[in-house]
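The sequence and the model are shown first, and the description follows.

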Amino acid sequence: MSSTLPPRDLERHDPAAPPTRDLAGLALAAERSRRPRPRHGSHAASPSGQSPDRRSSSSSSTCKDFLRKFVDNELLTASLEDWFSGNSEDCGFRKPAFDVPFDLTELQNFDYALEGVTFQQLVRMPNALHASMSDAFEATAHLALEDFLHAGIKGLWEAFWGPEEAMPFSVACIHSTSSRFYPAEKAISSGKLDGVCATAVLLKNSKHSQGRWDHIVVLTLLRPDVGMVSAQSDQHPSPAVLGEALFFALRVLLSRSLSRSSTVLRNSDSVYVLLVDSQFGGVVNVQGDLNKLSFDTNNVYECAAEWIKKDARITVSSVDRVWNKLGNANWGDVGTLQVLLAVFRSMIQFCGEPKYSLDELATEHSSRLQSRRSERHLVDRQSNGNGVYRFQQRSHSPEIVEVQEEGTVDVKPEEILKLEIGSIVLMEDSNCQKGFQINDIRTESEPPIYGAIPVEEPTKSYLLYVGSSPCHLEPAWEDMNSWYQVQRQTKVLTLMKQRDISSRYIPQMIASGRVVHPGPCNKPNSSGSCGHPLCSTPILVTSPVGETISNLIRNGLFGVEDALRCCHDCLSAFAAASSAGIRHGDIRPENVIRVSNGSRSSHFVLIGWGHAILEDRDRPSMNLFFSSTFALQEGKLCAASDAESLIYLLYFSCGGVCPELDSVEGALQWRETSWSRRVIQQKLGDVAAVLKAFADYVDSLCGTPYPMDYEIWLRRFRRTINEDHGKEVDTSS
């Protein structure tokens, strides 16, 4: 595989002569259609009295001239040779010590987030140990690399941004004698494989379908000796390979700085370059301000080398195995995770923060771990004596066991009821049937919550929960989630109604029953099942309908007044429920909704009562970010646990720094540090003084048997809201 670049004597040509069709012509061909645009920080007037526009135009032109002459990676590597070897004053006669772009904790968290993600490389990477270095080997290696990158960006996009929108990236080769980008298959069929110098992930652009250098998201160099040389140099790439990576990184940054796109311009200070051979891979990240680069077109390589040595921040990962001996990628190993994390961060540069954060997906590791322990029947045993899983020392309540023993029919997972917008669900309730039309999917979590309109009263709107059929309810985590969401929540709301608990901040149960499926039903009794996959599937319908806090935060619609009202309204719900000895046990952004009241001010309603604590043997839901300290330590709630969870919800909702948590021990350590250093109190104090005071009050009660004094804090929040915003809080409930 070739790493040949344009000849070194290119710069000795007559400057007036037409440029040759090599890498030097790439910048010219890519920039011909562009008008010069100012570079960052080039708006100051020149000493000669030139106007800012003319000055910036000249600066852009100089940058382009510099880029046209910056064509030979070997000359740059030669300029850095003393620096690499430690024979230069610039490095104090020591070899440069590069930091790593990712530490082990980041890779572990990324690994947890990717547990449920499927990557599939279909073209296997050939193994150099079992194949000759022929043209066929090189061609297959390029095809496998492209397929690996495509599988990586496809899996990352669908996991973090969602499969609903089309992926805005493509993969193509870069040829040293052409300004175009095209797939490896085309390079192979046209006999141009020898000229391929790199493979890139590109941002798609309908106006430039052939690709441009400033659209490069991440660059990959396929070189035959990455792993072999690194094994002899402390697992780092050789100076020759590293020099080539720095060369291509600077070319990409220069191209981005000349782009017309504001998105690309914002990312002209950082780029990732991947280094791979047929077995191993590593990552190089280059960051730096190009305004500090001296654009001397007569001395481009020395200027570039000076910028790299003095003004750039370079991080280099270790070189680890990416592909096994069969050519399959080791998706869960360090080498592959480093490459994928570099690609993921590059995707964020161009597309912004993903729909699902890395931490959000990583926390699902605890759920999967809990499910695995349930499969192995370990939930009743102490795991290892160190307290990591102390919250799992519990036994299922009898009601769960009864539901598990009901089913006698094996139902395939794909037969579980999934509702689409516009579909109508018939529900049997107290010997009568009611119809509900699905008009919205309110949450994207599993199981989903639907917005529904009763067929007979189309002016009303409700939330509709669908559970799993009793014949399908096995000890699987997904089914247990739906059981808590529907059957258990139905029981809790029914109990509240029986105990005359009425509050506008607690949902009202409108109806509950079973799905009426099409065709005949021969179930033996009202609680049995006829074997149809939808038979006896439970449904719960509640009111009111609102937007979850998680959606409000995602759309930037959660402000100071919302924080105050949310705290007041949730405390009102706590007070009402605690009067009957009920605690919520699952406070998180997805379980609080904001309800619009037309001309009246909005209010918040606490939903998701399936994990409510009714008696001592009940156990709360566990969440590394929102569960109280006592819940994580003891697996149960104290009097102030719901209030403590509310504090964490407000802290993160108001911009508090989200920690990287992957274990109960880490979550407890973060809580101890944050409370002792008053990080949480100070953040909430920036929002409102009453929130800071309330956080201090909750901190004083955490883990104690003393009850919350809800009334005094409700009065203080009402007074603050009325004084600061001139809107009265409805106290009719």
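## Two aromatic pairs around one tryptophan

In this predicted model, Tyr697 and Trp713 are both buried. Their rings form an aromatic pair of the tilted kind, with 5.3 Å from centre to centre and 45 degrees between the planes.

Across the whole structure, 30 aromatic pairs are found. In one of them, the ring centres of Phe694 and Trp713 lie 5.4 Å apart with the planes at 65 degrees, so this pair is edge-to-face. Because Phe694 is part of helix 23 (residues 689–701) and Trp713 part of helix 24 (residues 710–725), the pair ties together parts that are 19 residues apart in sequence. Phe694 is buried, as is Trp713.

## An aromatic cluster and charges over rings

Which residues are linked into a cluster by ring pairs? They are Phe66, Phe70, Phe181, Trp213, Phe247, Phe248, Phe295 and Tyr301.

Trp213, a member of this cluster, also has a charge over its ring: the charged end of Arg251 sits there, 4.8 Å from the ring centre. A further arrangement of this kind involves Tyr648, where the charged end of Arg671 sits over the ring at 4.7 Å from its centre.

## The chain as a whole

The protein chain has 733 residues, and 52% of them count as buried. Its secondary structure comprises 24 helices and 17 strands.

Among the contacts in the chain with a separation of 6 or more, 68% are between residues 24 or more positions apart. The accessible surface of the chain is about 33300 Å², and carbon and sulfur atoms account for 47% of that surface.

How many cavities of 30 Å³ or more does the structure hold? There are eight cavities of that volume.

The largest cavity contains about 80 Å³ of space. Its lining consists of 13 residues, and those nearest its centre are Gly585, Asp586, Ser621, Ser627 and Ser645.

Note on methods: Residues are numbered from 1 along each chain as its sequence is written. This is a predicted model: local features need pLDDT of at least 70, side-chain atom pairs count only at pLDDT 80 or more; totals for chains, interfaces and linings use all residues. Side-chain values use heavy atoms; hydrogens and water are left out. Helices (H or I, at least four residues) and strands (E, at least two) are DSSP runs, numbered from the N terminus. Buried means under 20% relative accessible area, exposed over 50%, partly exposed in between (1.4 Å probe, protein chains only). Contact means heavy atoms within 4.5 Å. Accessible areas come from the Shrake-Rupley method with a 1.4 Å probe; for residues, only the protein chains shown count as cover. Rings of Phe, Tyr and Trp (its six-membered ring) pair if their centres lie within 6.5 Å; planes under 30 degrees apart count as stacked, over 60 as edge-to-face and the rest as tilted. A charge sits over a ring if NZ of Lys or CZ of Arg is within 6 Å of the ring centre and within 35 degrees of the ring normal. On a 1 Å grid over the protein atoms alone, a cavity is a set of points where a 1.4 Å probe fits but cannot get out, and a pocket is an open set with protein on both sides within 12 Å along at least five of seven lines; lining residues have an atom within 4 Å of a point. Grid points are joined across faces, edges and corners, and a volume is the space filled by probe spheres set on the points.
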